[in-house]
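We will go from one stop to the next, with a note on what to select each time.

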Amino acid sequence: MEQKGRNVVGLSLLAVVAASLATGGAAGQDPLQWTPELSMKFRTVGNPAITADGERAAFEVREAVMEDETSEYRTQIWVARTDGSSTVQYTRADTSSTAPDFSADGKLLAYLRKAPSGDDDKEVGQAAEASQIFVMSVSGGEPRAVTGAEGGVSSFAWAPAGRRIAYVGTDPKSKLRKEQEKEKSWVRVVDRDLRHGHLYVIDVLAAGEGLPEPTRLTEGALHVTSLDWAPDGGRIAIGHRPDPRINSRIYSDISVVDVDSGELTPLVTWEGADAAPHFSPDGERIAFASHGGERQDVGQTDVFVVAASGGIPKPLAHTPDRSATVVGWSDELGEVLVTETFRTTRRIYGLAADTSGTGHSTSPMEEVVTSLAIADEAPVGVAVLQGPELPPDVYVVDLDPWHPKRISDLHAEIEMPAMGRTELLDWKSEDGLQIEGLLTLPVGYREGQRVPLVLNVHGGPAGAFTRGFTGGPSLYMIQVFAQNGYAVLRPNPRGSTGYGTEFRHANVADWGYGDFEDLMSGVDKVVADGIADPQRLFLMGWSYGGYMTSFAVTKTDRFRAASMGAGLSNLVSMVHTSDIPDYLVAHMGGELWDRYEVYQKHSAIYRVERVKTPTQILHGERDLRVPLSQGQEFYLALDRLDVPTEMAVYPRTPHGPREPRLLMDVTPRILAWFEKHQPAAQPSGP
């Protein structure tokens, strides 16, 4: 029965599709079980492209490959007709193919093919891969490489005329570095010898079957992050920052490059981040995402339009969360289309391109649109949609009004067990702030039954839990917990994306306090609703979720056990060892030397003597975002305090597992830890 603040989450438009996939019956009747092995069978779908006439779509399909000594993800390109008549896998290789894009006439398909470069790139914490551009006919045939960039290609785009491709190529290693590496004498000097991404153009058909000669268009200390051709093919708008370090993203600008001369004209050089330029269909204006002239390190991104010839940028309508990602222009609708998280969904918004200040939601509230591409010559797009009980698939969508029609069936061969249903909850925190969260109940849950509850805290802190598929191969495999009798609560506490700027900024210099109350009041609601057994509460989270895990166990002993993944236990030592120091400085309200007591107040390590909860530590060996030492500090302190603990370090791993077999270890390892500290079940209701 529906209760106030508790609603079953569903996709009304897609419910029939979800029902057709769910083959299981009641608990105890279905022999199928949710396991990590089953979850790994579900594919990840994304990065769609569509022809100008809207008749064909291409998209990425990623799946886990675990054969013999292989443990990796491989992505291949699929192509579908938007009338639903065919869906075909286009690429097959032992390496990944990504980023599909059609030529202007729709006859050629270009994409990136990845291959190991032989480098062990310590700067990114994993083996480097060099990608090259391949082109193939849409009607079939063998693909051919059209680039041989020594440093690899990171992104590209077809010119409007179709023959040329612009791409971002990474600088190759210097001759001296290669010689010294060969001699085993090269020493990496921090923040020096950085390899920038520069803009190049090639004529795909100029060299026949050979590699066309690239023309380099940018030079110097400039790292290109995005590009978009003008409709006349004579100019390219680029987003760029001073260097490739991730922390430099907040210093990005927009410029226009003349293709013939290579002349670069700065267009938007405001303070803060300006990124993702998109030319209007007439080539007169450029839409882009921006901080608006003032750094917004905690997070605020609006959409602006500026004349392609230069001038003062003008804002478009604010989206509800002010965290918009530009998709492109719809000439038919006279709008700039953007995607944005809205509460527990991901939505499409149309913003009036005439800067009249009007905007509206194109997609319904209940749908989770994870990606979208729009046709240049038709009011249609292609999107990836999913829901809690609906695996991701590709849909062709009419944009006005929004109407999706599924054109892929990528999981038809997977027999799905009965699922633990997901409900949307809302509650008031201690100070009255309204909070939302998603509650997934155990498989076969009976009303009135009290069950163990796992509080799962998201990363960020500006992350958000949305109504995505709960059966897939995520870091925390929600349906595997549900299959093992656990309810899982995933709240969006203050600081989360999707609830507006004020909400996202509400935890600045308050980590571990207001957000802690948001989380615990959610736990209290699930207990009060008669679902959670108050004697069987558990806690887990990764990154900022790991931070909250470490801090929570210093404030309460209500949890039987906790699992801290890639957690920040000591903000004092974290701020100058992370690869994004500016982000942490913004959240603490200033630099360490000016606000030392704030960093200390919000660090679990300075309160660790209060911990009584058995706490597991999980961390990546090569994590640059949250260095391994953060987990080590907390583990060693707990061990010396004789608090039950264990620490698992994932080899070759940056800020989260990147290999299927390592990912498959996380959920079972946590479940084993929770079961080890699980008390005897208490008598429950009917």
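Start by selecting Leu-489: beyond its neighbours within four places in sequence, Leu-489 is in contact (heavy atoms within 4.5 Å) with Leu-425, Trp-427, Leu-438, Leu-439, Leu-453, Val-454, Leu-455, Asn-456, Gly-522, Val-523 and Val-526. This is a predicted model, where local features need pLDDT of at least 70, side-chain atom pairs count only at pLDDT 80 or more, and totals for chains, interfaces and linings use all residues. Residues are numbered from 1 along each chain as its sequence is written, and side-chain values use heavy atoms, leaving out hydrogens and water.

Together with Leu-489, they touch the most other members of the largest nonpolar core, which has 55 residues. Such a core is a set of buried (under 20% relative accessible area, 1.4 Å probe, protein chains only) Ala, Val, Leu, Ile, Met, Phe, Trp, Tyr and Cys residues joined through side-chain atoms within 4.5 Å. Another core, of 26 residues, lies apart from it; Met-40, Tyr-650, Leu-663 and Leu-671 are among its members.

Move on to Pro-388, in the loop between strands E27 (380–387) and E28 (390–399); strands are DSSP runs of E, at least two residues. Is Pro-388 buried or exposed? Pro-388 is buried, with a relative accessible area of 4%. Then show Thr-470, 82 residues away in sequence but 5.1 Å from Pro-388 in space, C-alpha to C-alpha.

Key. Helix = DSSP H or I, 4+ residues; strand = E, 2+ residues; numbered from the N terminus. Buried < 20%, exposed > 50% of the residue type's maximum accessible area, 1.4 Å probe, protein only.
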